[in-house]
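This briefing concerns one protein model. Please consult the sequence and the structure below before reading the points that follow.

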Amino acid sequence: MGNAVEHMLPDEQDEMLSLRVLARLLDYPNVDLQQAAGELSDIIDAERRWRAPLRQQLINWCQRIADTDLLDLQAEYVALFDKGRSTSLLLFEHVHGESRDRGQAMVDLMNEYQAAGFELDARELPDFLPLFLEYLSTRPEGEIARWLGEIRHILALLMARLEEREADHALAPYALLALIGAEEEVNEHRDEVKAEAPDDTPEALDAVWEEEAVRFSAESDQDCALQSAEGRRLAERKRSVPSDPINIMPSTGAAKPGPSER
């Protein structure tokens, strides 16, 4: 994904820059991220759709990024997101599990991007959450709310898993849920997450690698996309069943605690 910080220009007031901040915080940490921590904090502080306690937690996260050795940040990121699938930042992996049925859903999302004139960096898959947030940051508020409503169950599950690992990154899905007033949905996943077997152990990773060797020797990605029954069902549901109306939360209301305040 390209560096979101590079695009945070003063004349882009029509874009929801807070989504780009979350995209950058969820991406692989580098020197640019550390140097931009102050700018990111300023954008967070100006986002009145988030209540003050959550804004402060996000700002504190930015400060920890600025103060922590970069190699430690990168090692933490790899351990959190590159080992096992439970905390994957690929959205459709949580929908389709370990199957290859995510193909058509990926095609549909690519079509959404192209129709909006949004060009992808070839290095990332279209359902990579930081990339998806970059896209959402350019869309109208109603469309942002619709998309966040569509994926709120994924965000809640991801938050519960990151929270279980005591990772600052749990604040990102929490902040997205807070934008549509859906923070409480994480409560539905906490017990199941506590009961999950870890998928980042050497034994679990070996099992995944063995499965991948079999799976990728089968059919092509294109065939998977064309034959994805689950993806077609998702697309058909979106065409035939209107989503419940969802709105971005206003900047008023009583404060609710963030993940670390529970």
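Buried residues have under 20% relative accessible area, exposed residues over 50%, and partly exposed residues lie in between (1.4 Å probe, protein chains only). The model is predicted: local features need pLDDT of at least 70, side-chain atom pairs count only at pLDDT 80 or more, and totals for chains, interfaces and linings use all residues. Residues are numbered from 1 along each chain as its sequence is written, and side-chain values use heavy atoms, with hydrogens and water left out.

**Met 110**
- Met 110 is partly exposed, its relative accessible area being 27%.
- This residue belongs to helix H7 (residues 103-115); helices are DSSP runs of H or I, at least four residues, numbered from the N terminus.
- Not counting residues up to four places away in sequence, Met 110 touches Leu 120 and Pro 126, where contact means heavy atoms within 4.5 Å.
- A distance of 8.8 Å separates the C-alpha atoms of Met 110 and Leu 120, which are 10 residues apart along the chain.

**Helix H5**
- Leu 70, Leu 73, Gln 74, Tyr 77, Leu 80 and Phe 81 are the buried residues of H5.
- Viewed down the axis of H5, these buried residues fall within an arc of 130°, so they line one face of the helix; the arc is that of the directions from the helix axis to the C-beta atoms.
- Their cover includes helix H1 (17-26), helix H2 (31-35), helix H4 (52-67) and helix H10 (152-164).

**Phe 132**
- Phe 132 touches Leu 91, Leu 109, Tyr 113, Trp 147 and Ile 151, not counting residues up to four places away in sequence.

Methods
Helix = DSSP H or I, 4+ residues; strand = E, 2+ residues; numbered from the N terminus.
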